[in-house]
Amino acid sequence: MTTPAPSLRLAEITPANVDAALGVKVREDQNAFVAPVERSLAQAYASRATAWPRLVMDGDEAVGFVMANFAPDEEEPDFRCGIWRLNIAGDAQGRGYGRFAVGAVAAEARVRGNRRLTVMWVPGGGGPEGFYLGAGFRPTGRVMGGQVVGEMVLDR
């Protein structure tokens, strides 16, 4: 894995970049593990009070999409602060963009006063479990909707 360039940033989804967001496609073999950006944007629209969708940008190039959920009043603790979706373009994988996105969401979570960040993944060969474990998440022992719940304890 190469180190991400200093030109990495998260960008809010706007009319000017929504087509770039829709162009972020994971590898075909990963489609069973993550919903497409189109679905994420529809969910973000329906949950606009809590959803936090962002493009992962390397300079002027959209290389990924991440959507967090910040819902401090959510009854289910695993849904109060978490990564809802992470899609890194197939040809951009292995370059540190996913780790950057996780770190950026964790930083936003800290700013919002959260001490715990969750993520859920579909288990199975070719799935994202290894990535999330390598990024610092640990399984909680819970499974929701067939997905493993992982958590990262955030330092202040």
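View 1. Of the contacts in the protein with a separation of 6 or more, 62% join residues 24 or more positions apart, a contact being heavy atoms within 4.5 Å. This is a predicted model, where local features need pLDDT of at least 70 and side-chain atom pairs count only at pLDDT 80 or more, while totals for chains, interfaces and linings use all residues. Numbering starts from 1 along each chain as its sequence is written, and side-chain values use heavy atoms, with hydrogens and water left out. You'll find 4 helices and 7 strands here, taken as DSSP runs numbered from the N terminus (helices H or I, at least four residues; strands E, at least two). Reading from the N terminus, the order is β-α-α-β-β-β-α-β-α-β-β. The protein is as compact as a globular protein of its length, because its radius of gyration of 15 Å is close to the 15 Å that the globule rule gives for 156 residues; the radius is taken over C-alpha atoms, and the rule is 2.2 Å times the number of residues to the power 0.38.

View 2. Of the 156 residues, 42% are buried (under 20% relative accessible area; exposed is over 50%, partly exposed in between; 1.4 Å probe, protein chains only).

**View 3. The largest pocket.** This pocket holds about 950 Å³ of space. A pocket here is an open set of points on a 1 Å grid over the protein atoms alone, where a 1.4 Å probe fits, with protein on both sides within 12 Å along at least five of seven lines; lining residues have an atom within 4 Å of a point. Grid points are joined across faces, edges and corners, and the volume is the space filled by probe spheres set on the points. Its lining counts 39 residues, with V34, R85, L86, M120 and Y132 nearest the centre. Strand 4 (81-88) gives the most, with 8 residues.

**View 4. Around L133.** L133 belongs to helix 4 and counts as partly exposed, at 28% relative accessibility. Beyond its neighbours within four places in sequence, L133 touches W121, R138 and P139. E151 sits 18 residues from L133 along the chain, and their C-alpha atoms are separated by 9.5 Å.
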